[in-house]
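Biologist: I am new to this structure and would like to go through it with you, one question at a time. Shall we begin once it is displayed?

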Amino acid sequence: MQKTSARLLSLLSLLQARRDWPGAVLAERLDVSPRTLRRDVDRLRELGYPVRAVKGPDGGYRLDAGTRLPPLLFDDEQAVALAVALRTAAATGAGIEDGAARALATLRQVMPARLRHRIDALQVTSVARSAPRPQPQADTGVLMALSAAVQAREVLRFDHTPAHPSDTADSAPGAVPPPRRVEPHHLVTRGGRWYLVAWDLDRADWRVFRADRITPRTPTGPRFTPRDLPGKDVAAFLTGRFRGSDGSAEWPCRGAAVLHLPASAVSPHAADGTVEELGPDRCRLTMGSWSWPSLAAAFCLYDTDIEVVGPPALQEAFAGLAGRCARAAAERPRPG
């Protein structure tokens with residue numbers, strides 16, 4: 001039989017592994033009598049673990065959520081995964097850097113030496129994508145409020161700060177815009193920013209709101225029955241909205257061209273484009289973009305001859321881009 005301390009850790013690990021355990025099965029797994037099992041459960045309760053007896057034909061135990069956080073037990077893989085997540089918390093955009101750093105210090109302090117060495121050897125620096133100005137962080141309280149409304153399926157009211165002051169130009173001078181009323185469906189993180197995907201009740205359409213521009217109002221509204229998101233895929237829907245389409249994952253403009261380069265040289269830089277090999281030094285590239293001129297410019301990033309396949313709108317965009325570039329090349333630089 002294991003010593004009491006080791007047996008308690010084994011019992012705690014089993015209780016965390018699944019929701020309900022029949023008492024007889026637990027006793028058998030620990031190789032103890034039902035009486036010893038009851039004593040061990042009482043010891044865990046004294047340490048702050050809310051172990052509840054479950055009624056039933058066999059009887060059993062369940063580890064419930066408590067009013068305070070008791071000591072936790074992680075296996076090696078879980079501990080390393082948690083430490084890596086805490087080290088990269090700065091890239092989440094949730095404003096939890098300080099809390100994550102303190103949590104990592106606490107975790108490291110109680111780690112066995114073999115794991116502490118592995119974590120110390122993993123030095124990660126989170127570098128945000130370059131931007132004209134620092135990206136605002138979402139408030140953790142706001143994120144929790146949005147998540148709670150999504151989970152409860154309750155209508156959410158909030159004040160929304162527009163991206164540009166001109167977005168409220170149609171309002172009377174000095175007027176305070178009314179709060180937005182939405183049915184919140186998904187809280188999403190993308191590229192270090194947090195977004196709320198919701199059905200706007202006043203505009204009768206799907207909308208995507210940046211969480212750092214939301215100030216929730218209380219109380220929340222009545223419960224609602226969730227609507228079906230277009231495509232029923234939140235990732236594809238959000239990608240489509242950022243691409244300027246109607247919510248699908250496709251770009252609004254899509255075309256193809258033949259590049260005088262081997263497919264192996266184009267593929268690493270094609271992102272979500274499709275590359276088809278046509279020969280040792282030719283390939284067909286199909287891409288999408290916001291507009292036809294931007295799509296034509298994307299093809300020009302490859303330093304090679306280009307044969308436009310289509311559609312005609314892409315051919316016209318190349319002609320317009322060629323004229324613009326010719327005028328830019330003909331202009332003399334201004335002195336200064």
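Biologist: Is C253 buried or exposed?

Modeller: Please note that this is a predicted model, and the values I give are computed from it. A residue counts as buried when its relative accessible area is under 20%. The relative accessible area of C253 is 8%, so C253 is buried.

Biologist: What is the relative accessible area of C283, and how many disulfides does the count come to?

Modeller: C283 is also a buried residue, with a relative accessible area of 0%. A disulfide is a covalent bond between the sulfur atoms of two cysteines. The count requires a pair of cysteine sulfur atoms within 2.5 Å. By this rule, the number of disulfides is 0.

Biologist: How many helices and strands are in the chain, and what percentage of its residues is buried?

Modeller: The chain contains 11 helices and 12 strands. Of the contacts with a separation of 6 or more, 56% join residues 24 or more positions apart. Among the 336 residues of the chain, the buried share is 30%.

Biologist: How are helices α10 and α11 oriented to each other?

Modeller: Helix α10 covers residues 292-300 and helix α11 residues 312-330; their axes are 8 Å apart, at an angle of about 75°. Angles of 65 to 115 degrees count as roughly perpendicular. Therefore α10 is roughly perpendicular to α11.

Biologist: Which residues make that contact, and how many of them are nonpolar?

Modeller: From α10 come W292, P293, L295, A296, A297, F299 and C300. From α11 come A313, L314, A317, F318 and L321. By class, the contact has no polar and no charged residues, and its nonpolar residues number 12.

Biologist: Where does W206 lie, and which residues does it touch beyond four places in sequence?

Modeller: W206 belongs to strand β7, residues 205-210. With a relative accessible area of 6%, W206 is buried. H185 is 21 residues away along the chain, and its C-alpha atom is 9.9 Å from that of W206. Leaving out residues up to four places away, W206 touches H185, V197, A198, W199, R227, D228, L229, P230, F237 and R241.

Biologist: What is the phi of D31, and what is that of R153?

Modeller: D31 sits in the loop between α2 and α3 and is exposed, at 58% relative accessible area. R153 sits in the loop between α7 and β4 and is partly exposed, at 42%. Neither residue is a glycine, yet phi is positive in D31 and in R153. The value for D31 is near 60°, and that for R153 is about 55°.

Methods: Residues numbered from 1 in each chain as written. Predicted model: local features only at pLDDT ≥ 70, side-chain atom pairs only at ≥ 80, totals over all residues. Heavy atoms only, no water. Axes fitted to C-alpha atoms, helices over the stretch in contact; angles between N-to-C directions. Helix = DSSP H or I, 4+ residues; strand = E, 2+ residues; numbered from the N terminus. Parallel < 35°, antiparallel > 145°, perpendicular 65-115°, else oblique. Contact = heavy atoms within 4.5 Å. Nonpolar A, V, L, I, M, F, W, Y, C, P; charged D, E, K, R; others polar. Buried < 20%, exposed > 50% of the residue type's maximum accessible area, 1.4 Å probe, protein only.
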